[in-house]
Amino acid sequence: MIIIKSKLKVFALIGLILSVISLFTHFLLARYTGQSFDGYQASFTIFSWRPIFQNLDLASNRPTHRRLWGLVRSLESIHPHANPRGQYEAPALKTNGFIFVRIQGGFHHIRNSICDVVVVARLLNATLVMPELQSTTSSKGISSQFKSFAYLYNEDQFIAALAKDVIVVKTLPKDLKSARRKKAIPSFRVPYSSSPDFYLHHVLPVLKRHSVVELVVSDGGCLQAILPPHLEEYQRLRCRVAYHALHFRGEVQELATTIVNRLRASRRPFIAFDPGMTRDALAYHGCAELFQDVHTELIQHRRAWMIKRGIVKGKLTVDSVAQRSNGSCPLMPEEVGILLRAYGYSWDTVIYVSGGEIFGGQRALIPLHAMFENVVDRTFLSTFGELSRIYGRERHLVDSNPRPPPVQEEKKNESWKTSGPRPRPLPPPPSKPKTYNIEGWWGWVAESDNEPESTVTELRINAHKLLWEAIDYTVCVEADAFIPGFDRDGKGRPNFGSLVTGHRLYHSAASKTFRPDRKEAVRLLDEIGDHVYQANSTWLKLIRKHLSKTMLDGVTEAFKSSKPQSFLAHPVPECSCLKHEYFELSNHTSSPSNHLPLGVNLGVEYRCPAWMDNNAVSQSTKYMEYDEDLDEEDPTTSTLFFGEKSGNNEVNGEETNNKEVHMEDQEELEGAER
């Protein structure tokens, strides 16, 4: 009997082990198999994104692929070259003193300001102390591992990369540091976009007298964007700072690179999209009515705050419809999705959404998710542990001024009933305490002209946004295609998206970077109206033609509108050169200007060094070709703009005539060449 029981136990144990193995096998099969995941790395599935693709193999030699992802031929002439070109001496060992800088603002403000203060230090022959970023001080509750500048950027790389331009030190000498604590050193709150004369005539004499000055930069730039011709080397210094000296902190750069690799793990190209929909930008440009309910109130409240402080000169109430028609408002994610689908990107295109803040939250992105299956952001492509690691060891926060909890009416009534004998007459019930938990976190809008002070937790999140945007910045620069929804910030100046387009123009000018003309785009979108799902081939061709045109015209437009406010939004021609064959063409051809490479028309006159010529890939006749290739007979570029995911060629029982569309495209191209 004992032997039988022992055998039963053994069999039961074996059965249990086999069941566990079976369950584990089924789990693996369910998790790692499937049509859309063939060839995919299994480790990728630890993240919340599981991409779904219709075609696993995307042939790169097809005309459609070249049109959607290929280089812009007219911009292939431009290459990065930010090295000094004339006489440029190394910084003197003996300087006029130390410049200590405090920089306030968001990611793009900080990046612009750092480039400016380096140029100012060179202009004044001063030693630059590592700038202090006000969003990252220890009082904000961030990790003590990273101090100010080192929270976002790599200090050692910054110092080494600029060794031949300016002397940079990490801290002030002890005596000057003590004087700064006592506020005994001269300080300047520098106006936005100051001229070089301001520093030479006002700051330099004080610097020589006291051996140290403090500059407070708060508007995202302390030096005018376009410098006089004799200071052109200082423009190239800006490029060396922005694109070679400013490397993100090691942990941040590593995570950003990991996310890019995960996006590329599917061996598919991807689009980066920056909505540019911040509350400040919407308030400044009067776009409140693009939203509903409390979101409109929040935008209007912010606009009233801006008017009170002189940031906005207009009226509180603005016709948002008119602003949108004028191109003064951001393109909504839904509108960007329609443009991309009309251009020919299929439903399974990978789209990376950037932005430390998207006003309206994930709700605003729902239509984009409906049009594209693979819409992701940094949270889809990283784990909680990876994001926490870049924050460092942060202490537990105890808010010294906690927000009062919402008043619970039932408990209040109960306490009145059980409070015992009361004097007569009864006093009125206590007034409801002022708290913005009245009807949710936005309740303060109705009861105060001033927004409540930020808690320590909110200040910490603001510091974290710098790291989030650093990750997004890297992904956007590396993307196969990039499209901004807006190019202005909360003060009407170039924003995060403008910095990305400028960096892409410098680093790889020919990469696919859309710069939609919002006024024209809104007109085309309104033209189709509620019938977008029945868009005809004529309308689709107009959209494709518009987006293709703005890839070139947008560069010229940025030269006129963005560059006067931010050099980093358009670092051409000062930081660029022409490759040999283009250079020879520009000097010897008699072709009209519209047949020349765009780099020539943008004023790029410097010939690239010989080592760049080894990578020549094109012939001189290539410049005169039309930038867009013919579409193949492909459902994604037919009139089935929002066709089924299966790629069927029927809608409402009618078959699409791809051949006819192909011929129409041919006529369009011939017209463009004429």
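A disulfide is taken here as a pair of cysteine sulfur atoms within 2.5 Å. The model is predicted: local features require pLDDT of at least 70 and side-chain atom pairs pLDDT 80 or more, whereas totals for chains, interfaces and linings use all residues. Residues are numbered from 1 along each chain as its sequence is written, and side-chain values use heavy atoms, with hydrogens and water left out.

**View 1. The disulfide of C577 and C608.** The sulfur atoms of C577 and C608 lie 2.0 Å apart and form a disulfide. The link of C577 and C608 is right-handed, with 95 degrees about the S-S bond. The pair connects distant parts of the chain, 31 residues apart: C577 belongs to strand β13, and C608 to the loop between α22 (598–601) and α23 (610–613). Helices (H or I, at least four residues) and strands (E, at least two) are DSSP runs, numbered from the N terminus. Both C577 and C608 are buried; the classes are buried (under 20% relative accessible area), exposed (over 50%) and partly exposed (in between), with a 1.4 Å probe and protein chains only.

**View 2. The disulfide of C239 and C575.** C239 and C575 are joined with their sulfur atoms 1.9 Å apart. This link of C239 and C575 is right-handed, at 90 degrees about the S-S bond. C239 sits in helix α8 (residues 232–245) and C575 in the loop between α20 (537–561) and β13 (576–578), distant parts of the chain that are 336 residues apart. Both C239 and C575 are buried.

**View 3. The disulfide of C287 and C329, and the overall pattern.** C287 is bonded to C329, S to S 2.0 Å. With -100 degrees about the S-S bond, the link of C287 and C329 is left-handed. C287 counts as buried because its relative accessibility is 0%, and C329 counts as buried at 2%.

View 4. In strand β7 (residues 212–217), 6 of 6 residues are buried. V212, E214 and V216 cover one side, and V213, L215 and V217 the other; all are buried. In a regular strand the side chains alternate between the two faces of the sheet. Strands count as paired if DSSP finds at least two bridges between them. Strand β2 (residues 98–103) pairs with β7 in the parallel sense over 6 bridges, with F98 opposite V212. Strand β6 (residues 187–189) runs parallel to β7 and is joined to it by 3 bridges; here F188 stands opposite L215.

**View 5. The open sheet of 5 strands.** This sheet has the order β10-β9-β8-β11-β12, with parallel pairing. Its edge strands, β10 (374–376) and β12 (512–513), each pair on one side only. Strand β8 (residues 270–274) and strand β11 (residues 481–484) run parallel and are joined by 4 bridges, and F273 has I483 in β11 as its bridge partner.

**View 6. I21 in helix α1.** I21 is found in helix α1 (residues 2–32). I21 is classed as partly exposed because its relative accessible area is 46%.
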